[in-house]
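Welcome! Please take a moment to look over the sequence and the model below, and then read on for a short tour.

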Amino acid sequence: MTMREALQRFVEHMRDEVRASPHTVRAYHRDISQFLDTVEQRTEREPVVEDLDVRQVRAHLASMHGKRAPSTMSRKLSALRRFGEYLRRQGLVADNEVALIHSPKRRQRLPVALPVDDVGAMIEQPEPDDVKTRRDRAVLEVLYGAGLRVSECVRLDVDHLRWEGARLRLRVVRGKGGKDRLVPVGRSAAQALRAYLDSREQLVRPRSPLEAVFLGNRGGRLSDRQVRYLVERRSVAQAQARISPHGLRHSFATHLLESGCDLRAIQSMLGHASLSTTQRYTHLSLGRIIDVYEHAHPRARPPAGKRMDSSGGEST
């Protein structure tokens with residue numbers, strides 16, 4: 001079997017059985033195809049599954065050295081590692097040799113989380129009161145109010161909205177890893193969605209997907225690219241800091257944690273399988289950490305009737 005034939009089967013497996021997001025499937029296909037092109041150029045023949053070995057993969061990574069960021073190279077190696085494991089499980093190769101290759105070291109970057117006031121200014125930016133403005137407000141409220149990924153937001157369907165009077169929960173379908181979850185949203189997001197849905201029919205066209213919650217200006221399902229543009233434009237205009245939709249997800253998690261929300265609850269709302277992943281999404285200011293410590297630790301405060309003097313010692 002040629003490697004390209006195996007790649008097509010792998011893509012179908014990721015799409016239909018693993019139920020990976022379309023973005024992930026496209027990225028895997030692109031990264032593995034680039035590897036196949038490199039092998040074909042080096043060997044001057046059609047790549048076969050046996051070419052997915054340590055020597056060929058290292059040569060491929062070496063060709064990108066200095067041209068790609070370590071994070072990009074790690075992502076490409078991860079795609080090849082996943083592909084190699086698929087080939088092994090299918091009995092097409094004896095071992096997954098790519099698993100022996102270590103990922104390049106990456107610098108850990110703290111995620112960007114906007115202050116609460118800046119998020120509010122982004123969402124409430126004055127604009128003409130029409131259906132597009134109501135839609136944009138609802139998108140921002142849902143991204144921040146529910147901590148959704150942009151792909152989860154644009155895939156929302158009308159029957160994913162669980163109304164309980166004025167309260168609302170979202171059934172987030174086909175999230176990362178193919179897991180569904182129910183996520184509560186606040187009153188502000190629920191009101192914004194109501195206002196948009198009441199006028200949504202103005203965006204409907206003959207071929208519109210009527211099940212989609214968020215429709216674009218031409219009547220089709222709103223795309224993740226349109227949402228990214230909206231968030232970046234609003235963030236620069238109001239917060240003076242360009243962020244992505246994922247930045248609102250970071251802000252959602254961080255603001256909940258700063259308000260005392262349990263990390264496990266945040267993990268559930270974000271749809272993370274691992275608590276360590278959630279911890280990377282949340283970072284507190286030093287002042288907030290000290291405040292939490294002084295209120296929570298039994299020996300962080302002086303005994304009753306005593307106070308700390310300016311030198312750090314106790315006084316009566």
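Predicted model: local features only at pLDDT ≥ 70, side-chain atom pairs only at ≥ 80, totals over all residues.

Cys153, by contrast, is buried, with a relative accessible area of 0%. Across the whole structure, a search finds zero disulfides.

**The chain as a whole**

- You will find 13 helices and five strands in the chain.
- Of the 316 residues in the chain, 40% are buried.
- Among contacts with a separation of 6 or more, 57% are between residues 24 or more positions apart.

**A pair of helices: α10 and α11**

- Two packed helices are described by the angle between their axes and the distance between the axes.
- Here, helix α10 spans residues 245–258 and helix α11 spans residues 263–270; they pack at an angle of about 155°, and their axes are 10 Å apart.
- Because angles over 145 degrees count as roughly antiparallel, α10 is roughly antiparallel to α11.
- The crossing of α10 past α11 is right-handed.
- On the α10 side, the residues that meet α11 are Arg249, Phe252, Ala253, Leu256 and Leu257; on the α11 side, their partners are Leu263, Ile266, Met269 and Leu270.
- Sorted by class, this contact of α10 with α11 has eight nonpolar residues, one charged residue and no polar ones.

- Phe10 sits in helix α1, which covers residues 3–16.
- Is Phe10 buried or exposed? Phe10 is buried, because its relative accessible area is 1% and buried means under 20%.
- Leaving aside residues up to four places away in sequence, Phe10 touches Tyr28, Ile32, Arg82, Phe83 and Tyr86.
- Phe10 and Tyr86 are 76 residues apart in sequence, while their C-alpha atoms are 7.1 Å apart in space.

- Most residues other than glycine have a negative phi.
- Arg19 is not a glycine, yet it has a positive phi of about 60°.
- You can find Arg19 in the loop between α1 and α2, the latter covering residues 22–43, and at 37% relative accessibility Arg19 counts as partly exposed.
- Glu44, also a residue other than glycine, has a positive phi near 60°.
- Glu44 lies in the loop between α2 and α3, where α3 covers residues 54–64.
- With a relative accessible area of 74%, Glu44 is exposed.

Notes
Residues numbered from 1 in each chain as written. Heavy atoms only, no water. Disulfide = S-S within 2.5 Å. Buried < 20%, exposed > 50% of the residue type's maximum accessible area, 1.4 Å probe, protein only. Axes fitted to C-alpha atoms, helices over the stretch in contact; angles between N-to-C directions. Helix = DSSP H or I, 4+ residues; strand = E, 2+ residues; numbered from the N terminus. Parallel < 35°, antiparallel > 145°, perpendicular 65-115°, else oblique. Left-handed = near helix turned anticlockwise from the far one by under 90°. Contact = heavy atoms within 4.5 Å. Nonpolar A, V, L, I, M, F, W, Y, C, P; charged D, E, K, R; others polar.
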